[in-house]
Amino acid sequence: MAMNFLCNRNPILIYRGLRLTRKRTLKLTHATLHGLAFLAVVIGLKAVFDSHNLATPPISNLYSMHSWIGLAAVILFSAQYVVGFITFLLPGLNQQLRETIMPYHILFGLIGFVASGAAALLGFSEKISFVLGHKYENLPAQGVLVNFIAFFIIIFTTLVIYLTTETRFKRQPLAEDAILLTGQNE
């Protein structure tokens, strides 16, 4: 989940950071980066299930809050990707319907991002408690590192949400964006 969390920030912020780029380019870049994040998630899930199933003795799957929230984030992310692809990349969908779906796409995208951050936090916490046990109470170097990473994840998540929701950073339509609405090639 940590990799998904880190991979998702770029496509989320692309409309804020590249505000003078053509919308079509932004859409394709947004979808491509999310596609790469999805690939990283699939590889990560395969590795996790293999590490559990092939351990001696095997370790149970999906038993912790980390795994439940992580799986929910992956399911939401996957649904978002499919709905976003159909709604915003395939031609022919009514513009009014796209405008209606957009706020929900943003909302559920941010919910998925926060869920992946929460799963990363829970995963770090779970792993450090497994590795250090009661030694974690003495806050060894590994514990300090995990706490700083957790603090960074919380600040980072807050900044991404702020930049995504702050209207001052919203991309304003460009003149050539009208071509996308008429269906003509750029």
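The model is predicted, so local features are taken only at pLDDT of at least 70 and side-chain atom pairs only at pLDDT 80 or more, whereas totals for chains, interfaces and linings use all residues. Residues are numbered from 1 along each chain as its sequence is written, and side-chain values use heavy atoms, with hydrogens and water left out.

Select Lys46 and Asp50 to begin, where a salt bridge (a side-chain nitrogen of Lys or Arg within 4 Å of a carboxyl oxygen of Asp or Glu) brings the closest N and O atoms to 2.8 Å. Both belong to helix H2, residues 23-53, and because they lie 4 residues apart in it, about one helical turn separates them; helices (H or I, at least four residues) are DSSP runs numbered from the N terminus. Lys46 is exposed at 51% relative accessibility, while Asp50, at 27%, is partly exposed, where buried means under 20% relative accessible area, exposed over 50% and partly exposed in between (1.4 Å probe, protein chains only).

Next select Glu166 and Arg168, whose side chains form a salt bridge with an N to O distance of 3.2 Å; Arg168 is exposed, at 54% relative accessibility.

Leaving aside residues up to four places away in sequence, Val160 is in contact (heavy atoms within 4.5 Å) with Arg9, Ile12, Leu13 and Phe113. For Leu13, 147 residues away along the chain, the C-alpha atom is 7.2 Å from that of Val160.

Conventions: Helix = DSSP H or I, 4+ residues; strand = E, 2+ residues; numbered from the N terminus.
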